[in-house]
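Dear colleague,

Please find below the sequence and structure that I am handing over to you. My findings follow directly after them.

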Amino acid sequence: MKSFVRFCALFLAGGLVACVQTQENLSDFYPVSYQNLSGWDKENYSQLLTLFRQNCQQIQKLPPNRYLGGVKGLFGGKAQDWLPACNAAMTINISDPVQSKQFFETWLQPYQYTSSGQTGKVTGYYEPEVQGSTVRFGAYQTPVYAKPSDLIARKNTDGQVDYGVVKDGILVPYYSRAEIDRGALKSKNLEIAWVKDPIDLFFMQIQGSGRIVLPDGNIVRLGYAGKNGQPYTALGKVMIDQGLLDAQSVDMYSVRSWLHSHPDQAVALMEQNKNYVFFRSLKDQNPNTGPIGAFGSSLIAGRSVAVDRQWIPLGVPLWLETTMPTTANSQGRSPWKHMVFAQDIGGGINGINRIDLFTGWGSQAAWYAGFMNEQGKILMLLPRHSEQQSLPVMTTK
């Protein structure tokens, strides 16, 4: 367990050196120079400032003491920590890339985890488009459920949300995937749509949102409403452990292909992931924007990521250096170095060096997400303390 991190600053001639005090040396955050961010000089600073301002609009709606995430004591883990930088962002001429770049370098300090940095894992996720109907008929036989009224969401001491039902005064997990598949919710009138393919529903639940394409071509947007509180099990790992797929070939497409090729085994295999996601209809959602993430704002392709909130606060900018599959060849890779924003969470996203990049919606977005299983360098950009604003931007490790 991460207990606390406390930042302190030593002001030395020639720059700022930040030290990190930790309990039992469980957490080590080290400041680095913007020169260490490969590709920073090629970014679109005005676009980044626009996105940062949008984040600020979400933060400014929150109570000052609202916990955004991160290890206890992290400066940047509460809404109030971001208010000075947010106020400053509103004074910048957003059309001036020099001013926009200077804003980030003045107000935000990049940090890496451990003195040498660590290689992280970067995957992708997307908003699926699934063939479905709002009424049950013909091939549309697999229900998409809304959140049951007896399912409770309870925030625990570290800010995470636990789901379940209360029995004998204790919160316990709700029905498992297998129990729900066998009709545990059948009489509760929770169906908001019906889809053709249970495998499509399974992957839509993993992504946490979706677009139901109706027979007449209209689209129903679905957003995350909650989950059953059962543990999440990665199906790819199960298939590797059972010898159904080898580790080198596992990706979204190989898993889907196997499930479709083995319909007699597919349901039982999917039910090994007991976790089950419920949805809500987003009737007023703009079709040209991404789904609403855990941060409360629409996700942006190539700029929004899902993180482990126990390590990384929601809303925080991150610097990501990774690779991206090339459309010409799923085995090919090209460098990808950009600022992204922690705007979502995911059941399989655990640890500080683990993020999921939102790739958008449609077939191309699905392709990128399906083949992304990359290594990457991940740094957090946290607000500087007010006394650091007059100090040189450059820092030493």
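**The β9–β10 hairpin and its sheet**

In the hairpin formed by β9 and β10, with 2 residues between the strands, Asp-168 adopts a positive phi near 55°. The model is a predicted one: local features require pLDDT of at least 70, side-chain atom pairs are counted only at pLDDT 80 or more, and totals for chains, interfaces and linings use all residues. Residues are numbered from 1 along each chain as its sequence is written, and side-chain values use heavy atoms, with hydrogens and water left out.

Asp-168 is located in the loop between β9 (161–167) and β10 (170–172); helices (H or I, at least four residues) and strands (E, at least two) are DSSP runs, numbered from the N terminus. With a relative accessibility of 82%, Asp-168 counts as exposed. Here buried means under 20% relative accessible area, exposed over 50%, and partly exposed in between (1.4 Å probe, protein chains only). Most residues other than glycine have a negative phi.

Two strands are taken to pair if DSSP finds at least two bridges between them. On the other pairing, strand β8 (residues 152–155) is joined to β9 by 4 bridges, and these strands run antiparallel. Within that pairing, Ala-153 stands opposite Tyr-163 in β9, and the bridge partner of Lys-155 in β9 is Val-161.

Together, 3 strands make an open sheet in the order β8-β9-β10, with antiparallel pairing. β8 and β10 stand at its edges with a single partner strand each, so one side of each is left without a neighbour in the sheet. From one strand to the next, the twist averages 60°; axes are lines fitted to C-alpha atoms, for helices over the stretch in contact, and angles run from 0 to 180 degrees between N-to-C directions.

**The sheet of 6 strands**

A further open sheet has 6 strands in the order β7-β11-β6-β12-β13-β14, with mixed pairing. Its edge strands are β7 and β14 (277–281), each of which pairs on one side only. The twist in this sheet averages 45° from one strand to the next. Strand β13 (residues 219–227) and β14 run antiparallel and are joined by 5 bridges, with Gly-226 opposite Phe-278 in β14.

Asn-189 also has a positive phi, near 55°, and is a residue other than glycine. Asn-189 is placed in the loop between α4 and β11 and is exposed, with a relative accessible area of 68%.

**The disulfide**

A search of the whole structure finds 1 disulfide, defined as a pair of cysteine sulfur atoms within 2.5 Å. Cys-56 and Cys-86 form this disulfide, with their sulfur atoms 2.2 Å apart. Cys-56 lies in helix α1 (residues 45–59) and Cys-86 in helix α2 (residues 83–89), so the pair ties together parts that are 30 residues apart in sequence. The torsion about the S-S bond of Cys-56 and Cys-86 is about -85°, so the disulfide is left-handed. Both Cys-56 and Cys-86 are buried.

**Pocket and cavities**

On a 1 Å grid over the protein atoms alone, a cavity is a set of points where a 1.4 Å probe fits but cannot get out, while a pocket is an open set with protein on both sides within 12 Å along at least five of seven lines; lining residues have an atom within 4 Å of a point. Grid points are joined across faces, edges and corners, and a volume is the space filled by probe spheres set on the points.

The second largest pocket holds about 390 Å³ of space. It is lined by 19 residues, of which Gln-141, Thr-142, Pro-143, Ile-180 and Asp-181 are the closest to its centre. At least two lining residues come from each of β7 (142–145), α4 (177–181), β11 (191–195), α5 (198–207) and α8 (263–270). Helix α5 gives the most, with 4 residues. The lining divides into 10 nonpolar, 4 polar and 5 charged residues; Ala, Val, Leu, Ile, Met, Phe, Trp, Tyr, Cys and Pro count as nonpolar, Asp, Glu, Lys and Arg as charged, and the others, Gly among them, as polar.

There are 2 cavities of 30 Å³ or more. The largest cavity has about 60 Å³ of space, and its lining comprises 7 nonpolar, 2 polar and no charged residues.

With kind regards
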